[in-house]
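Please look over the sequence and the model shown here. A short report comes after them.

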Amino acid sequence: MDDASEFQRARSPEAKRRREAAILAAARSLGAEHGIRDVTLTDIAAAVGMHKSALLRYFETREEIFLRLTAEGWAEWSEALTTRLRESTDPGPATVARAFATTLAARGMFCDLLAHAPLNLERNVSLAAVRDFKLATLAAREPIGAAVRGQLPALDEQDVVDLVATAVSLAGAMWQIANPGTEVADLYRADPRLAHAVIEVEPRLARILTATITGLAAGAGEPRA
């Protein structure tokens, strides 16, 4: 019996969870290979042996699938970043900035998702899906905040919120810049005048975040506008 028949026949809550997990795994694999922008709902359905109409019983849109993956990415990144920060024995702006930059740059698909989330993933889903996503990101930020303040006690809660927002926004944008299409990348490398368009995410992100953290620390205790 083929996979499509198995998916159509299953009824239990556990079977539904397995189906959703299979769909998410397929989308994750396709997104990592081709980029989020180029993966369609039909592609995902085909990868799990389902008809598109059957897949829509579990997720309303492709955006909902990728928004779920973004939430999972937040949780996984939060754990990796907080572990790195808590293990650090050299506190300071540069150390914290490198921890952010290294853990984000190592997660290319997450960076890709971070760019797409506010642009379109949050715009073609139900309000319930948006609420769940925002609550998931909030939960992921809390341990990051505690770990950052453990390294940089001069920063307050709003400073850390601003730092995380800056880091993920820049990581999403920089990943897109650093990963253009193959032909565009070849163009950049072939023309010395376009060398500035070839960037490495980690060192640039670390440099900008170091300056950001230094500025936030310098302004600690000052009235906010």
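The model is predicted: local features need pLDDT of at least 70, side-chain atom pairs count only at pLDDT 80 or more, and totals for chains, interfaces and linings use all residues. Residues are numbered from 1 along each chain as its sequence is written, and side-chain values use heavy atoms, with hydrogens and water left out.

Helix α7 spans residues 108-121 and kinks by about 30 degrees at Ala115, shortly before Pro118. The bend is the angle between axes fitted to the seven residues ending at a residue and the seven starting there. Helices are DSSP runs (H or I, at least four residues), numbered from the N terminus. Of the 14 residues in α7, 10 are buried (under 20% relative accessible area, 1.4 Å probe, protein chains only). Their cover includes α2, α5, α6, α8 and α9.

The largest nonpolar core has 63 residues. Such a core joins buried Ala, Val, Leu, Ile, Met, Phe, Trp, Tyr and Cys residues through side-chain atoms within 4.5 Å. Ile44, Phe66, Phe100 and Val148 touch the most other members. Helix α5 gives the largest share, nine residues.

Four aromatic pairs occur in the whole structure. Rings of Phe, Tyr and Trp (its six-membered ring) pair if their centres lie within 6.5 Å; planes over 60 degrees apart count as edge-to-face. Two such pairs follow.

| Pair | Centre to centre | Between planes |
|---|---|---|
| Trp74 and Trp77 | 5.6 Å | 75 degrees |
| Trp74 and Phe110 | 6.1 Å | 85 degrees |

The second pair links α5 to α7, 36 residues apart. Ring pairs join Trp74, Trp77, Phe100 and Phe110 into a cluster.

Key
Helix = DSSP H or I, 4+ residues; strand = E, 2+ residues; numbered from the N terminus. Buried < 20%, exposed > 50% of the residue type's maximum accessible area, 1.4 Å probe, protein only. Contact = heavy atoms within 4.5 Å. Phe/Tyr/Trp six-rings, centres within 6.5 Å; stacked < 30°, edge-to-face > 60°.
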